[in-house]
Amino acid sequence: MTKAVLFDLGNTLFTYCDYGLEAYRVRLGRAMEPVVTHLGEVGMVSRDLDLADLVEGIFHKVLETEKRAREDLIEYDVVVELRRALGESFPGVDVTWEDRIDLAVYAIMRELYHPRDDAVVTLRWLRAGGIKTGLLSNTQYRTVNHVEDLR
């Protein structure tokens, strides 16, 4: 008799978007728009900053971490990596920027994934049968975001 079932989050309970590196570059560019806007608002960048060039530079810095993660099967916090990459070009970008970066990055991610059609039905069926459920998942996004999504 089954007593418990463990689930992964990505592509098990939720379907995610394309994981290809070009798709990652596009998402990163969209996520950096509000962050760069704020950089301008606080006087760290001029209005003539080329967003595409900035995103390309950040992408290449984060890409090294992404490649290591894929090769070595390790996880990383994408917000920390983006903050570090931005901080190399803009020394005023420190840990206090992480919440802003997280909001921007995760907003893009949230647009691109959804609960699977059968996830809620399956979880309710397991609960009705008295079967305990758990979640064991790896992610490069912050736990607080996933907990919010699961609610």
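How many positive and negative side chains does the protein chain have, and how far apart do the centres of the two sets lie? There are 19 positive and 26 negative side chains, with the two centres 7 Å apart. Lys and Arg count as positive and Asp and Glu as negative, leaving out His and the chain ends; each charge is placed at NZ of Lys, CZ of Arg, CG of Asp or CD of Glu.

This is a predicted model, in which local features need pLDDT of at least 70, side-chain atom pairs count only at pLDDT 80 or more, and totals for chains, interfaces and linings use all residues. Residues are numbered from 1 along each chain as its sequence is written, and side-chain values use heavy atoms, without hydrogens and water.

Now for the fold. The chain has six helices and four strands, in the order β-β-α-α-α-α-β-α-β-α from the N terminus. Helices (H or I, at least four residues) and strands (E, at least two) are DSSP runs, numbered from the N terminus.

Of the 151 residues, 38% are buried, meaning under 20% relative accessible area with a 1.4 Å probe, protein chains only.

Leaving out residues up to four places away in sequence, I58 touches L28, M32, L82, A85 and L86, where contact means heavy atoms within 4.5 Å.

Terms used: Buried < 20%, exposed > 50% of the residue type's maximum accessible area, 1.4 Å probe, protein only.
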